[in-house]
Amino acid sequence: MQTNITYKEIIRLSTPLMISSLFNNLISLIGVAFMGRVGETELAASGVAALIYITLTMIPYGLSVGFQIIIARRAGENNPESIGRIFNANLIFLMGVAVLLYAFLEYVTPAILKPRFSPEVFAAVMDYLQYRNFEIFFAVFAFTILGFYTSIGNNAIITWSAILMLIVNVFFNYNLVFGEMGFPEMGIAGAGLASLISSTAACGLNFFYLLFSKYRHQFGLFKFHKFEWDLVKSGLVISGPVVLQHLLSTGTWVIFFMMVSKMGPASLAASNVAKEVYMVLGVTTWGIANATNSLVSNLLGQNRHSEIFVLLKRVIVVALGFSLIFFAFIMIWPQVFIRIFTNDEAIVALSIDPVRIVGICLMMMAVSSVLFRAVTGTGATRYSLLLELITLVVYMVYVVIIIEVLNASLAVAWTSEFVYWLVLAWLCWKYLKSGKWKKYKV
C-alpha cells in the first residue's frame, strides 16, 4: 500500500516546527551558556528553573495537541467552519489556564522548591523565574497558533517568529546578563527578563500576521460570539490524557535532577549541560514528531487507515536521517558542544559521558517519539497515557535503584534515558500493530 505523503512533504511540514523548536531551545542554550560564564550556582539554577517552567508549560502544550488533532481531522473532512470555532474556544479556554499557571508559579512554586535546594541555588532560581512567570501567557498563545498552523498544513510564519525571538533574545540576554550597552547587570535575572521580552516580540508578530491573513476570514478566527464549552469539552477528552502524560514525563525528569543535585553542584551543572545538548540536538525529532500528530489524524479523517504504516516508515526514516548526523558529531566531538556552556574543566570532564549517552538517545528518540505521536494522532490518547505511565514506572524504578540504592556515577544515572526510550518504543509498536486504534472517533 502506497501513500501520497512523500518524504518531501514530511520535511516541508516538519521544517518550520524543527526551526521553531531549534530557536526555542537555542534561547535556552544561550541562557545556560551565559550562566556558565557567570558561575557554577547560576549554571545549575538556570537548568532547574527552565525545567520547572517547561514542566508547567506542558499543560497548555498538551491541551493544544488535543485541539490540533481535532482541527487536523476537520481539515481532512473539509469542514472549515468547525476549525474556526474550535480555535476560538480553545484560545479562550487556554488563556484561563494561563492565569492559573501564573498563580502557581508566583505563589506555590517557591514553597515547593525552598526545602529541596541550597539557599544559593533557590535564590538564583527565584531570580530567574520572577520574569519568566509572565511569559506563560505568551507561551499559551504561541501553542494555540502553532497547533492551528500545523493542523492546516501551512506553518511558514512559525519560522519567521522563531527567528525574531532568537535575535531579540540574544540581544537582551547578553546585555542584561553582563550589563553591556548601558543596560543594568542583572545576572541570571537578566536571562529570565530577556526570555520574556523575546516571547512578547514573537507573539506580537504571530498575532498581527494571523489578524491580517486570509485565514482570519476563511475560518472565522477571533469571532468570539459566545464561549462554546462543548467544543472545549470534546477537545479535553483527547487532550486531558496528553496533558497528564506530558506532566508526568517532564515531572519525572525534575525528580531525576533533584536526585542528581544530591551528588553536588558540579554534577547538577554537568547534567544541565547534557540536558541542553539533548534538547537542542533533538529539535529535528520534536518537529517531525509534532507533525506526525497532524499527518496521522488527517489521513484518518480521509478514511485512509491502511496508509498509516507506510507513512510512519517514511517519517521514521526522515527522523533517523537527521539524528544520525547529530549522533556522529556528538560521539566524535563531545567537548565542542560542552564548551558552549562552560569553560570549567571539572564540569567539562564530568559532562563528556552523559553527553555521549545523549547522542545515542537521539537515535532511539527518533523512533520512539514518532511512534508515540502516531498513537496520540489516532485519538487514542487514553491509551497513550497508559503507555507513558508504564514507561515512567519502569524508568523511575531504574533511577531510584541506580542513584538512591547503588549510588552509581552520573554517567550510569543518565543511562536511564535508554530505558525510557526502549520501553516506550516497544509498547507503542505493539499497540499500533494491534489495530485497536481504528475504533477511535474524533
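1. Helix 8 and helix 9 cross in a right-handed sense (right-handed means that the near helix is turned clockwise from the far one by less than a right angle, left-handed anticlockwise). The model is predicted: local features need pLDDT of at least 70 and side-chain atom pairs count only at pLDDT 80 or more, while totals for chains, interfaces and linings use all residues. Residues are numbered from 1 along each chain as its sequence is written, and side-chain values use heavy atoms, with hydrogens and water left out.

2. The angle between helix 8 and helix 9 is about 150°, and their axes lie 8 Å apart (axes are lines fitted to C-alpha atoms over the stretch in contact, with angles from 0 to 180 degrees between N-to-C directions). Helix 8 is therefore roughly antiparallel to helix 9 (over 145 degrees; under 35 is roughly parallel, 65 to 115 roughly perpendicular, the rest oblique). Helices are DSSP runs of H or I with at least four residues, numbered from the N terminus.

3. On the helix 8 side, the contact uses Trp253, Phe257, Val260 and Ser261; helix 9 contributes Ser267, Leu268, Ser271, Asn272, Lys275, Tyr278 and Met279 (contact: heavy atoms within 4.5 Å). By class this gives 6 nonpolar, 4 polar and 1 charged (Ala, Val, Leu, Ile, Met, Phe, Trp, Tyr, Cys and Pro are nonpolar; Asp, Glu, Lys and Arg charged; the others, Gly among them, polar).

4. Helix 9 (residues 265-281) also packs on helix 13 (residues 345-377), at about 30° and with axes 8 Å apart. The two are therefore roughly parallel. Their crossing is right-handed, and their contact has 16 nonpolar, 2 polar and no charged residues. Among the residues that meet are Ala266, Val273 and Leu281 of helix 9 and Ile347, Pro354 and Met365 of helix 13.

5. Helix 13 and helix 14 (residues 381-405) have axes that come within 7 Å and cross at roughly 145°. Phe372, Val375 and Thr376 of helix 13 meet Thr381, Ser384, Leu387 and Glu388 of helix 14. That contact divides into 3 nonpolar, 3 polar and 1 charged.

6. The largest pocket has a volume of about 300 Å³ (a pocket is an open set of points on a 1 Å grid over the protein atoms alone, where a 1.4 Å probe fits, with protein on both sides within 12 Å along at least five of seven lines; lining residues have an atom within 4 Å of a point). Grid points are joined across faces, edges and corners, and the volume is the space filled by probe spheres set on them. Of 13 lining residues, Ile52, Thr55, Ile112, Val254 and Met258 are the closest to the centre of the largest pocket.

7. Helix 2 (40-76), helix 3 (80-113) and helix 8 (229-261) each supply at least two residues of that lining. Helix 8 gives the most, with 5 residues. The lining comprises 9 nonpolar, 3 polar and 1 charged.
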